[in-house]
Amino acid sequence: MRIALFVTCVNDLLYPDTGKAVVRLLERLGHQVDFPEAQTCCGQMHANSGYRDEAVPLVRGFVEAFDRYDAVVAPSGSCVAMVRESYPRLVPEAAGIAERVYELSELLVDVLGVTDVGASFPYRVTYHPTCHGLRMLRLGDKPLRLLRAVEGLELVPLPGAEECCGFGGTFALKNSDVSTAMLADKCAAICDTGADVIAAADNSCLAHIGGGLSRRGAPVRVMHYAEILGGGS
Amino acid sequence: MSERLPHGSGRLAGPRPFPDAAVVELGKPQLRANLHKATHTIRNKRARVVDELPDWEKLRLAGSAIKSDVMARLPELLVQFEAAATAAGATVHWARDAAEACEVVTGLVRETGADEVVKVKSMATQEIELNEALEAAGITATETDLAELIVQLNDDQPSHILVPAIHYNRSQIRDIFTERMGDAPAGLTDEPRVLAEAARLHLRRKFLSSKVAISGANFAVAETGTLVVLESEGNGRMCLTLPETLISVVGVEKLLPSFTDLEVFLQLLPRSSTGERMNPYTSMWTGVTPGDGPQNVHIVLIDNGRSATLADEVGRQALHCIRCSACMNVCPVYERVGGHAYQSVYPGPIGAILSPQMTGVSASGVSSTLPFASTLCGACYDVCPVRINIPEVLVHLRQEAVDAHRGKPSAERTAMKAMGWVMGDRRRYARALRAARAGSAPLAAVLRRRKVRRLPWPMSAWTASRDAPLPATETFRDWWRRTR
């Protein structure tokens, strides 16, 4: 199957290893991955911050970059939620592509029918199901099923997992104090699990969680779950 | 369009931007502990009783559909309600805003000659600041809901729709009773039973002496002219049955078309609200029943910004709210700051979409900041019994807030426009990524890690409490080009 990768702007600049892991993983499973270079940003930050007029050209740009593909995969729950939930409202012609964009675990489990991707990762891992993955995409236990099948990986439950980490895009800046209070509780819950690694489906949430953990000097490693599945580190 | 209709007044918007008000509340550790305990207790209770219903999602859909129908033909239903209630012996009054509603109620109490009234817990009367208006007219109003009484005795404001005193713990309540209740027994302990008994004796004297009661209503049935109040303590039932005069202040959005619609809402509300399968007291009355209960029955229907809200196609779903407060109990923002930071009688996620619409999102003070007081985590939408898509309305109101200030200089707008321009073209975007990577490379080399502890404004708000990531040594697209 020929699959286009929407790497997302955050991953392109800050977390390219996540994108590389998706490429490696899908190629290892026998699929061809395309990276349409016309892609930029999905427009989520603009749309969610109230800048609809600035978001609309980005939506059109996304449609142009990806319209010729049957399946688009993105290693970001919130970017996929943006495309699926908001695109049809912002630009009616984007409704078609919105149905063909998948978060990584959706592509693997629902479309390709794989749960064991042949990865090995001998560490204690806890998983934070980010809000948009959990409540907009309804990913459910798909990422967990993929992680449970990883050789050597010990998955430990995260208490209060469904609670937001306090990121919320520009919320982290506009309401920094409330965001920090939420983050403190999330970091404490993560540290209490004794996990070596905190994994999630969104590097923006992980940047927030990781920023809090490293400020505390907590010895927990932060990883996008694609990097665990891809075997990269 | 919504600008053409008058906005509401009353206790709907305070003067401070939300982040400023929130930081004050965050500095109260006892409040944080009280809120955490209370919201988690109610949230878990709700989850248990909702999970046991196999048709919960269908009930939510039904609730949402009924409310959409009500909003689509509100004028017609209001007229139907007025006719039915009037035929049953009630007198129906109409009030455009808080001031008009207070004037009507104050006049009605004056006509009876009473100088004291008992009150059933009611959001609408809090919204229009009726107690203050009555006091100014020399009329003493006593809240009879236990939690409302606690808040009133302490000259405070409610901080939650269902649990107005959620910000207090038991020992704080004992202190308030001891210092402020007047007839509190000596040696009061902080045992809930003892506190409830003290309030019970205090209130019993008021029930027996008051000639006038004031209530709100959870539902108003257009078909029959019936008003419905759900409560837990029975104090509401005392107010609704003992006095000679009963005045009910009801928001126009409380209507239901027919009596059988209650079947849906009497299942949705208690489970969402108190986490009970059924609430202890459900009182319904239709006008006057000769020889039984209040013989002088008035209903004051208030608009106060509801028509303005109804005019907004996306935002109008906020009027579907049945004031269950489930959204508050799951909201991570509310849990940290409590109700007072919202500076409205309607706090939490529903307050963040309802209050700014009722006052106008561009009103000064808290209104224009409330739509941003959310991470859009969606927990509120999941528990809402009438499926109000709160995140959708929040984003919609953010657009309105941003659009209201277009044309004025703003660093945020400049940054957003610049980023939009850069991201709108693949070449500009690729060049900007390379520039960001190259620009930060010396810093990364000095730090010998890809994390930074301090950044200039506006990112200083981030680095105040979190390290920030620096760009990677090679962007993904450069890696792709290099290796493919």
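**Helix packing and the A-B contact**

Modeller: Let's start with helix H9 (residues 170-180) and helix H10 (residues 192-209) of chain B: they pack at an angle of about 30 degrees, and their axes are 11 Å apart. Keep in mind that this is a predicted model.

Biologist: OK, so what do we call the arrangement of H9(B) and H10(B) relative to each other?

Modeller: Roughly parallel, because angles under 35 degrees count as that.

Biologist: And which hand does the crossing of H9(B) and H10(B) have, left or right?

Modeller: Left-handed.

Biologist: Which residues in H9(B) and H10(B) meet there?

Modeller: From H9(B) you get B:Arg170, B:Ile173, B:Arg174 and B:Phe177, and they meet B:Pro192, B:Leu195 and B:Ala198 in H10(B).

Biologist: Who meets whom between H3(B) and H12(B)?

Modeller: On the H3(B) side it's B:Leu59, B:Ala62, B:Gly63 and B:Ile66. Their partners in H12(B) are B:Val264, B:Phe265, B:Gln267 and B:Leu268. This H3(B)-H12(B) contact has 6 nonpolar residues, 2 polar and no charged.

Biologist: Let's move on to the two chains. How many residues of chain A are in contact with chain B?

Modeller: 52 residues of chain A, in contact with 50 residues of chain B. Elements of chain A giving two or more residues to that side include helix H2 (16-28), helix H4 (52-66), helix H11 (176-193) and helix H12 (203-216).

Biologist: Which element gives the largest share of the chain A side?

Modeller: H11(A), with 7 residues.

Biologist: How do the residues of that side divide into nonpolar, polar and charged?

Modeller: On the side of chain A that touches chain B, 25 are nonpolar, 17 polar and 10 charged.

Biologist: Last topic: what does UniProt list for residues 405-482 of chain B?

Modeller: An unreviewed UniProt entry gives "domain: Lactate utilization protein B C-terminal" for residues 405-482 of chain B.

Biologist: And how much helix and strand is in residues 405-482 of chain B?

Modeller: Over that stretch of chain B, 59% is helix and 5% strand. The end C-alpha atoms of residues 405-482 are 45 Å apart.

Note on methods:
Residues numbered from 1 in each chain as written. Chains lettered and ligands numbered in written order. Predicted model: local features only at pLDDT ≥ 70, side-chain atom pairs only at ≥ 80, totals over all residues. Contact = placed C-beta atoms within 7 Å. Helix = DSSP H or I, 4+ residues; strand = E, 2+ residues; numbered from the N terminus. Nonpolar A, V, L, I, M, F, W, Y, C, P; charged D, E, K, R; others polar. Axes fitted to C-alpha atoms, helices over the stretch in contact; angles between N-to-C directions. Parallel < 35°, antiparallel > 145°, perpendicular 65-115°, else oblique. Left-handed = near helix turned anticlockwise from the far one by under 90°. UniProt positions renumbered as here; feature names shortened; annotations may be inferred.
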